[in-house]
Amino acid sequence: MSLDGKKGLRHDVPTRWNSTFFMLESAIFYRRAFCHLELTDSNFKHCLSTSEWEKVEKINTFLGAFYDSTCEFSGTKYPTANLYFPAVFMIYLTLKRHSENEDDYMRNMSCQMLAKFEKYWSEFNVLLAIVVILDPRYKLHFVDFSYTKLYGNGSLEFLNVRTKMTSLFMEYSSSSAPTSSTTTFERSSSRTESESSSGRWNRVNTQVFQEFDSFGSNEFAAHMQKSQLKLYLDEPSTYRNAKIDILSFWKGNEFRYPDLACMARDILSVPVSTVASESTFSVGGRIIDQFMSALKPDIVEALVCTRDWLYGEEAEVEGTQEMNELTENIMELEKNTNEDTTLPSVPSVGS
């Protein structure tokens with residue numbers, strides 16, 4: 001059938017959902033080969049019917065959203081928190097769409113998954129929705145778009161995110177001290193003017209005008225700090241498919257948006273997952289098998305940490321032994337060298 005035979009078929013593993021996705025994807029790839037085998041081999045009696053193939057394609061498309069999210073969260077380089085909201089939004093939207101599907105099988109499966117998913121969706125931290133606003137490819141428009149697709153126009157969830165975003169930025173703005181050279185120049189110039197006019201104004205008036213100078217500079221600085229968020233949001237968004245290192249982006253704009261960059265640095269340090277996904281799959285696979293598939297998360301974490309500690313102690317003991325052997329070899333070498341270079345004493349002629 002002119003298909004690539006190197007791709008191969010994948011077997012399903014009951015304890016790993018992504019193996020089901022791989023199995024269906026490879027089966028769809030070799031669909032023509034299975035159909036041809038049914039016609040040419042009388043012993044092949046388990047070929048799927050047309051309706052079953054259609055169901056396989058629907059399930060494969062349905063699981064694709066989960067697989068894409070897993071790939072986003074399990075990269076070799078630890079993903080930043082701005083990747084969370086778009087991926088989870090696509091999962092929620094996929095579940096809601098399939099829960100209204102005309103196919104009874106897909107609708108029942110999606111409704112059961114949606115009931116479990118909404119439990120976690122309702123409890124997720126609003127900070128993970130705020131952080132996507134700090135991504136120049138999405139900003140506030142994506143949050144508005146997402147909640148509109150899920151709940152309709154004017155959703156309370158979007159208003160809550162926008163309010164929390166503004167209040168959080170105000171906290172960072174109020175905690176930062178004005179350090180601009182303009183403020184320093186204004187203070188020095190006002191001090192010079194007050195000293196030159198001290199002969200004409202009494203002490204009370206001088207104090208009042210000094211308070212006015214301080215009030216004016218603080219109001220100007222507060223206005224500039226509050227406008228950082230609005231200035232950032234008013235700028236056009238970057239191309240959505242552009243590959244951007246968001247940490248480098250905010251590092252390059254820390255002088256343009258000092259308070260906003262400080263807030264982005266703190267929020268982006270929040271990991272998407274509490275553990276590295278690639279570490280979970282590689283180490284956890286040796287702990288969770290078909291006989292131990294019901295371990296609680298805290299027990300799995302304890303087993304993984306214990307394994308790391310044991311391997312660390314073995315490496316430390318081996319390193320200590322090698323260092324001791326190396327030290328002994330050096331001491332023995334120095335001893336042999338001293339013995340070879342020492343000459344025997346020769347008696348004098350007059351003795």
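Predicted model: local features only at pLDDT ≥ 70, side-chain atom pairs only at ≥ 80, totals over all residues.

How many nonpolar, polar and charged residues are in the lining of the second largest pocket? I get 16 nonpolar, 5 polar and 8 charged.

**Entry 1, the pocket.** I looked up the volume of the second largest pocket and found about 780 Å³. The lining has 29 residues, and I noted those closest to the pocket's centre: Glu 72, Asn 82, Leu 83, Arg 137 and Tyr 138. Helix 4 has the largest share, with 6 residues.

I moved on to helix 8 (residues 156–175) and helix 12 (residues 258–268), whose axes lie 9 Å apart. I read a packing angle of about 110° between them. Angles of 65 to 115 degrees count as roughly perpendicular, so I put helix 8 and helix 12 down as roughly perpendicular to each other. I logged their crossing as right-handed.

From helix 8 I wrote down Met 165, Leu 168, Phe 169, Tyr 172 and Ser 173. In helix 12 they meet Asp 259, Leu 260, Cys 262, Met 263, Asp 266 and Ile 267. Sorted by class, I have 8 nonpolar, 1 polar and 2 charged residues in the contact of helix 8 with helix 12.

Terms used
Residues numbered from 1 in each chain as written. Heavy atoms only, no water. Axes fitted to C-alpha atoms, helices over the stretch in contact; angles between N-to-C directions. Helix = DSSP H or I, 4+ residues; strand = E, 2+ residues; numbered from the N terminus. Parallel < 35°, antiparallel > 145°, perpendicular 65-115°, else oblique. Left-handed = near helix turned anticlockwise from the far one by under 90°. Contact = heavy atoms within 4.5 Å. Nonpolar A, V, L, I, M, F, W, Y, C, P; charged D, E, K, R; others polar. 1 Å grid on protein atoms, 1.4 Å probe; cavity = no way out; pocket = protein on both sides within 12 Å on 5 of 7 lines; lining within 4 Å. Points joined across faces, edges and corners; volume = space filled by probe spheres on them.
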